Amino acid sequence: MPAQKPARIPATVVTGFLGAGKTTLIRHLLENARGRRIALVINEFGDLGVDGEILRGCGIEGCGAGGVVELSNGCICCAVADDFVPAIEALLALDPVPDHIVIETSGLALPQPLVRAFDWPDIRTRVTVDGVVAVVDGKALAEGRFAADEGAVDRQRAADDRLSHATPLSALFEDQLACADLVLVNKTDLLAAAEAGAVAARLAAAARPGVRVVQARHGAAAPEVVLGLGIGAEDDLAARRAPHHDRHHHHDDHDDHHDGHGGHGEHGGHHHYHDDHGHDAFESVVLELPEIADPAALAARVEAAIRAHALLRVKGFAAVAGKPMRLVLQAVGPRVATHYDRPFAPGEARATRLVAIAEAGIDAAALAAMLTAAPAPAPAETA
Ligand SMILES: Nc1nc2c(ncn2[C@@H]2O[C@H](COP(=O)(O)OP(=O)(O)OP(=O)(O)O)[C@@H](O)[C@H]2O)c(=O)[nH]1
């Protein structure tokens, strides 16, 4: 007979903007789980499944052994009852049941509708929200990338004074922060100690009173700090609303305006995130490329595309001619990084696929042309 489990399984919701380090944190938690069975629910924007792949491909023993469920739809919101409840039920049906559930939300998702989903009658009796952890890219914050005055969107906003003055970026960031029970200032390796301290102080002032702010490098926070907060977040949702909703807002229940069913464009997946004003605030474009010759040339093209199209995030995998290993490409803001993670499995397609995410209005065709443009001839290999 399986050991007696507590009445309700704790679930930790990991929120945080695109590229803040959610997957990195979760990987660290799994590496340090010490026998605790952690099940994952991964919800990504864009339909590439990169995070699940990274977590499964990490080669850590027991990594994701507690079960991994992917919700392919980037926005957990009104689609919740369709996708989310069965995902949780699948994890609850595991034998033995997981000790803890960790949910990685998409970097563009609001945590509030997800927490609300735990109020669903069939879920509520069996799972409780242990806590909401907001991972923040300390470097991006220090560089002002979430500042409320970011150009393009403000112009659009100026044309419609019904709207709040928060940009989709800053509004989303505020929402994620307002929902947090713990804030993890990540990427402090890229900051001087004083800068990191200043960012942490700013976040502590912006978060709800009493919320702990801790600093981390490469998501390295101890499981004891992140898991087991025991909050029961589903019971105090009303307190978890960002101030910008009160400034100009008239919707009775804005969270339900999110539409998880992103439209599908011609570029193999074109997702939209609707902000709470009903705009398509963000979009993703999935690009399929042939095997590439030169990782550095790909990285250079991605870097140029980030500048040209103001991309917020690019990630994916590439097959490099002559290399048995799969290349992972990651870009957050202006920086592009690549590394090889694992060999392609026998029979696995040697595909190159990238997902690019930007604020709405991106010219997907021009972006695709830019990234798929025939590269300059690769430098001749010397034997
Ligand atoms: N220098 C530095 N890089 C980091 C740190 N944490 C994560 N990264 C890198 O930042 C990139 C994004 O990290 P992820 O963990 O994938 O971020 P994420 O929040 O899961 O991203 P999305 O799922 O796309 O929203 C990766 O290239 C990481 O290796 C950190 O503390 N310092």
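How many nonpolar, polar and charged residues does the shell around the ligand have? By class, this shell has five nonpolar, 10 polar and seven charged residues. The structure described here is a predicted model.

## Overall composition

The chain contains 13 helices and 13 strands. Of its 383 residues, 46% are buried.

## The ligand shell

There are 22 residues around the ligand, and those that come nearest are Gly21, Thr23, Thr24, Gly107 and Gln330. Three elements each supply at least two residues of the shell: helix H1 (22–31), strand S10 (311–319) and strand S11 (325–332). The largest share, three residues, comes from H1.

## The nonpolar core

In soluble globular proteins, nonpolar side chains tend to be buried together. In this model, the largest nonpolar core has 92 residues. Val183, Leu184, Val185 and Ala356 have the most contacts inside this core. Strand S5, residues 127–137, gives the most to the core, with seven residues. Because domain 1 (9–256) and domain 2 (279–372) both give residues to this core, the core lies between them.

Ala356 illustrates how residues from separate parts of the sequence meet. When residues up to four places away in sequence are not counted, Ala356 touches Ser284, Val285, Leu287, Leu311, Val314 and Leu367. One of these, Leu311, falls within strand S10 (311–319), an element that also supplies at least two residues of the shell around the ligand.

Strand S4 comprises residues 100–104, and five of its five residues are buried. In a regular strand the side chains alternate between the two faces of the sheet. For S4, both faces are covered. His100, Val102 and Glu104 are buried on one side, and Ile101 and Ile103 are buried on the other.

Which strands pair with S4, and in what sense? Strand S1, residues 9–15, pairs with S4 in the parallel sense over four bridges. Strand S2, residues 38–43, also pairs with S4 in the parallel sense, over five bridges. Individual positions can be named in each pairing. Ala11 stands opposite Ile101 in S4, while Val41 has Ile103 of S4 as its bridge partner. Both of these S4 residues, Ile101 and Ile103, are on one side of the strand and are buried.

Note on methods:
Residues are numbered from 1 along each chain as its sequence is written. This is a predicted model: local features need pLDDT of at least 70, side-chain atom pairs count only at pLDDT 80 or more; totals for chains, interfaces and linings use all residues. A residue is near a molecule or strand if its C-beta atom, placed from the backbone, lies within 6 Å of it. Ala, Val, Leu, Ile, Met, Phe, Trp, Tyr, Cys and Pro count as nonpolar, Asp, Glu, Lys and Arg as charged, and the others, Gly among them, as polar. A nonpolar core is a set of buried Ala, Val, Leu, Ile, Met, Phe, Trp, Tyr and Cys residues joined through C-beta atoms within 7 Å. A residue is buried if 20 or more other C-beta atoms lie within 10 Å of its own, exposed if 12 or fewer, and partly exposed in between; C-beta atoms are placed from the backbone. Domain bounds come from an automatic or database domain assignment. Two residues are in contact if their C-beta atoms, placed from the backbone, lie within 7 Å. Two strands pair if DSSP finds at least two bridges between them.
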